[in-house]
Protein chains: 2
Amino acid sequence: VSTKAAPALALDIGGTKLAVGVVGHDGVVSGMIVEPTHREEGPDRVIERLFAMGRRSIVASGLSQSEIVGVGISCGGPLDSNAGVLLTPLHLPGWVDVPVASMAASAFDVPAILVNDATAGACGEYRFGAGRGADSILYLTISTGMGGGAVLNGKLHHGAAGNGGEFGHIMVHDGGRACTCGRFGCVEAYAAGSAIAARAREFIAAGRPSVLSNLVEITSADVAAFAAIDDVAAQVWSEGMAALATAATDLVNIFEPNVLVLGGGVTRSGDILLEPVKTAVKRDALPPAAAAVEVVLARLGDAVCVVGAGAYALDFLRTGTEEGLYA
Amino acid sequence: VSTKAAPALALDIGGTKLAVGVVGHDGVVSGMIVEPTHREEGPDRVIERLFAMGRRSIVASGLSQSEIVGVGISCGGPLDSNAGVLLTPLHLPGWVDVPVASMAASAFDVPAILVNDATAGACGEYRFGAGRGADSILYLTISTGMGGGAVLNGKLHHGAAGNGGEFGHIMVHDGGRACTCGRFGCVEAYAAGSAIAARAREFIAAGRPSVLSNLVEITSADVAAFAAIDDVAAQVWSEGMAALATAATDLVNIFEPNVLVLGGGVTRSGDILLEPVKTAVKRDALPPAAAAVEVVLARLGDAVCVVGAGAYALDFLRTGTEEGLYA
């Protein structure tokens, strides 16, 4: 296998799931494995399991470790991508200053690179998904929390500290719900999966009748599923989508992208998420920006961060940019 | 004069003022001339005067027309920078589809390029002003209206339709004041000079006592000047600055820039504009973004668009990018 064609190993560290796979230059993933994170076990044990999953993925792909050209690691922030260190990831409480890139470089004996998960998602959708062929795309991920990434004029935007694209922290309701970031009224406090579920629980706790009160645990998927027949679900969902539409319109005005890709677990609800956002952007954004943008759902599904982290590592190795690479 | 060292002529078409000058590769402007636009005379007469100003500026710089290597034209949007056409500029009512770049190329017999005025401002501050030496800067202009531009990783961001950076149309008060863009509650409806003046007039019309009511015409500069001693001025100014601070914090979260430059006429008020914005960004933005960013006032003052348009034209000619250039 020549270096040029050799694939990368991609490792994604989520709050509830670890996902690994081998990613080729064509964006195809082989040997994908998903397992629970068990983050409470702490970084050393979790990362040991993550690397073991990586080795199994290489074998499952019919390869040997020496055929892997690099490792791409995707994780939520805050992280320092240049240093390859997880600083204090919000979804991994108690993990502090974990030098995951150098650990991976040692374990696999190849260069390893750390990237923000939403940045990886942007990279994946740009290279192999809904943003393919576009000059500039925004990737907005709506999951437990919200995040984002941008490819502008064909270049991934990192920001001064490597966390560029914190699209969840656009204020949409001045003085509104408390956000994890300390401000009030950020879009994440209305449209993220955890916020949608929390608001439904709050309405029920306040005495509003709802079919959702019969569920043991309410998720954003339940809210979406009952929005057509239940008042509480309908209000929570439509207010979440209105907040999302406001932030999406702001982003389209701010960046004037060719494509706005909506991804993450909450987007599994499909058209009842996509349509109100698309309608609002096309109606409310400034005319040249509204005309130029396509608002679409992500295409890479649950593999988006694995594809993105792998593609990102391969791009770095190919272009010879060394910043953030650990050999 | 070799082509490499030869300067550009820069022409800025504002709603109230035309500004022209000759810009060298060092960012120095010579022969700067500012005159009223008289936009009601229509594009043909105004542009004829603009070009005459340009010829006078060349002479005042001690040059002949053949020593000018190109023309940079800056104007507010919406415009089509690639086609070199002013579409329906908001500050020039009745001007429709004016092919100003090809008109300038004919008049001066050199390549001419059209650029959004806030994009020109971003370019000027990045190359020769407050953003010098930074990887990524945002330029937010607070004038009669609001606009913006971004230089990201050393590259000017244009957006899909050439109007990228419409930072005035970030919604900060859901369902708030009507904005020129059709939405309600955009930052421009609170923090732009015209909005600050209009709100003060509204408060007075509603019967609130204010020293401002003694003025024949209220401007945002008057509101700033009386904010320390007058309740209406204090409220309008502080609410304007709060809106500006919210949008600035959103932008710092979204882009994670090295420098956020605040420019435009309203920033002449200095610290009473800069300080509340800086304080809010440092306190409210996500910690890595807040730590990375410097919030500063623009350094190029009223010459910012002339310097920027000139620098932009020179950069285009030097790098050989032909899109948007008319010979």
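This is a predicted model: local features need pLDDT of at least 70, side-chain atom pairs count only at pLDDT 80 or more; totals for chains, interfaces and linings use all residues.

Me: What kind of peptide bond joins A:Gly77 and A:Pro78?
Reply: A cis one, with omega at about -5°.

Me: And what about the peptide bond from B:Gly77 to B:Pro78?
Reply: That bond is cis too, and its omega is near 0°. B:Pro78 lies in the loop between strand E4 (70–75) and strand E5 (79–80) of chain B.

Me: While we're on backbone angles, is phi of A:His38 positive or negative?
Reply: Positive, near 50°, and His is a residue other than glycine. You'll find A:His38 in the loop between strand E3 (29–36) and H1 of chain A.

Me: Let's switch to the two chains. How many residues of chain A are in contact with chain B?
Reply: 39 residues of chain A are in contact with 39 residues of chain B.

Me: How much area do chain A and chain B bury between them?
Reply: About 3,100 Å², with 57% of it on carbon and sulfur atoms. On the side of chain A, 20% of the area buried against chain B is supplied by A:Arg183, A:Ile254 and A:Glu256, more than by any other three residues.

Me: How many residue pairs are in polar contact between chain A and chain B?
Reply: The count is 16 residue pairs.

Me: Which elements give two or more residues to the side of chain A that touches chain B?
Reply: They are strand E10 (155–156), helix H7 (231–255) and helix H9 (287–292) of chain A. H7(A) makes the largest contribution to that side, with seven residues.

Me: How do the residues on that side of chain A divide into nonpolar, polar and charged?
Reply: There are 17 nonpolar, 15 polar and seven charged residues on the side of chain A that touches chain B.

Me: Speaking of charges, how many salt bridges are found across the interface?
Reply: Two salt bridges cross between chain A and chain B. In one involving A:Asp250 and B:Arg183, the side chains meet with N to O at 2.5 Å.

Me: How many salt bridges are there over all chains?
Reply: The search of the whole structure finds 18. Among them is a pair within chain A, A:Glu202 with A:Arg177, whose closest N and O atoms are 2.7 Å apart. That pair links distant parts of the chain: A:Glu202 is in helix H5 (residues 193–205) and A:Arg177 is in the loop between E10 and helix H4 (188–191), 25 residues apart.

Me: Why do we say the copies meet through the same surface?
Reply: Because 100% of the interface residues of chain A are also interface residues in chain B.

Me: New topic: how many aromatic pairs does the structure hold?
Reply: Seven, over all chains. In one of them, the rings of A:Phe51 and A:Phe108 have centres 5.5 Å apart and planes at 80°, so this pair is edge-to-face. The two residues are 57 residues apart, with A:Phe51 in helix H1 (residues 43–60) and A:Phe108 in helix H2 (residues 100–108) of chain A.

Me: Last one: where does B:Ser61 lie?
Reply: B:Ser61 is in the loop between helix H1 (43–60) and E4 of chain B. A polar atom of the B:Ser61 side chain lies 2.8 Å from the backbone oxygen of B:Ser57. Leaving aside neighbours within four places in sequence, B:Ser61 is in contact with B:Val22, B:Ser30 and B:Gly31.

Definitions and conventions:
Residues are numbered from 1 along each chain as its sequence is written. Chains are lettered from A and ligands numbered from 1 in the order in which they are written. Side-chain values use heavy atoms; hydrogens and water are left out. Contact means heavy atoms within 4.5 Å. Buried area is the accessible area (1.4 Å probe) that two parts lose on being put together, summed over both. A salt bridge is a side-chain nitrogen of Lys or Arg within 4 Å of a carboxyl oxygen of Asp or Glu. A polar contact is a pair of N or O atoms within 3.5 Å; within protein, one must be able to donate a hydrogen and the other to accept it, and residues adjacent in sequence count only if both atoms are side-chain atoms. Helices (H or I, at least four residues) and strands (E, at least two) are DSSP runs, numbered from the N terminus. Ala, Val, Leu, Ile, Met, Phe, Trp, Tyr, Cys and Pro count as nonpolar, Asp, Glu, Lys and Arg as charged, and the others, Gly among them, as polar. Rings of Phe, Tyr and Trp (its six-membered ring) pair if their centres lie within 6.5 Å; planes under 30 degrees apart count as stacked, over 60 as edge-to-face and the rest as tilted.
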